[in-house]
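Please consider the sequence and the model shown here.

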Amino acid sequence: MATTNDLKNGMVLKLDGGQLWSVVEFQHVKPGKGGAFVRTKLKNVLSGKVVDKTFNAGTKVETATVDKRGMQFSYKDGSDFVFMDTQTFDQMQITPEVVGDAANYLLEGQECTVAVYEGNPLYIELPAAVELVIEYTEPGVQGDRSTGGTKPAKLETGYEIGVPLFITTGEKIKVDTRSGEYLGRVNN
């Protein structure tokens, strides 16, 4: 148990009958009249839904201990993803629902963080940007390169994103894992 005065970004709270909510941001407010309160923005750990919630200052809230482990993606077993704990070498099977959009950027051997609560994986955190090779993209037409347009490109994971016209098949690029946007070329 903690009080709303102890809130920190990233802290996980157990509210509304056991649902897990991660604190995205919080603000202590002391109006001139009336009692102080804490305005928060909370993200549901499972659904990703973000809500605003206000607590009276000093209100007791139940915290959940979420274990964030460094893991490495090993392989796909049917539809499940198998991850290996980099400390203990234990393997964990994670369903596609938990992996979510992270599957678009996962390569074998890739490091990531897996949040675990009471032995159950909750979600996967990838680095903000990953480096992937373009498996296929149409060649750019001479003269198109200065227009700043984009074309579809299939990554080595099978995911498709928009890239600038000058990018060619076989190039390694940096991709933002939060938005799926092209960030730039990777110079080897």
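A salt bridge is a side-chain nitrogen of Lys or Arg within 4 Å of a carboxyl oxygen of Asp or Glu. By this rule the count comes to 4 salt bridges. The model is a predicted one, in which local features need pLDDT of at least 70 and side-chain atom pairs count only at pLDDT 80 or more, while totals for chains, interfaces and linings use all residues. Residues are numbered from 1 along each chain as its sequence is written, and side-chain values use heavy atoms, with hydrogens and water left out.

Q: Why is the pair of Arg-69 and Asp-67 called a salt bridge?
A: The side chains of Arg-69 and Asp-67 meet at 2.8 Å, N to O. The limit is 4 Å, so the pair qualifies.

Q: What makes Arg-69 partly exposed?
A: The relative accessible area of Arg-69 is 27%. Buried means under 20%, exposed over 50%, and partly exposed in between (1.4 Å probe, protein chains only), so Arg-69 is partly exposed. Asp-67, with 36%, is therefore partly exposed as well.

Q: Why is the aromatic pair of Phe-73 and Phe-81 called tilted?
A: Rings of Phe, Tyr and Trp (its six-membered ring) pair if their centres lie within 6.5 Å; planes under 30 degrees apart count as stacked, over 60 as edge-to-face and the rest as tilted. The centres of Phe-73 and Phe-81 are 5.7 Å apart, with 50 degrees between the planes, so this pair is tilted. Both Phe-73 and Phe-81 are buried.

Q: What makes the pair of Tyr-105 and Tyr-159 edge-to-face?
A: The distance is 5.5 Å centre to centre and the angle between the planes is 75 degrees. This angle is over 60, so the pair is edge-to-face. A search of the whole structure finds 3 aromatic pairs.

Q: Where do the bounds of the domains lie?
A: The assignment, which is automatic or from a database, gives domain 1 (11–64), domain 2 (66–125) and domain 3 (129–185). The centres of domain 1 and domain 2, taken over C-alpha atoms, are separated by 28 Å.
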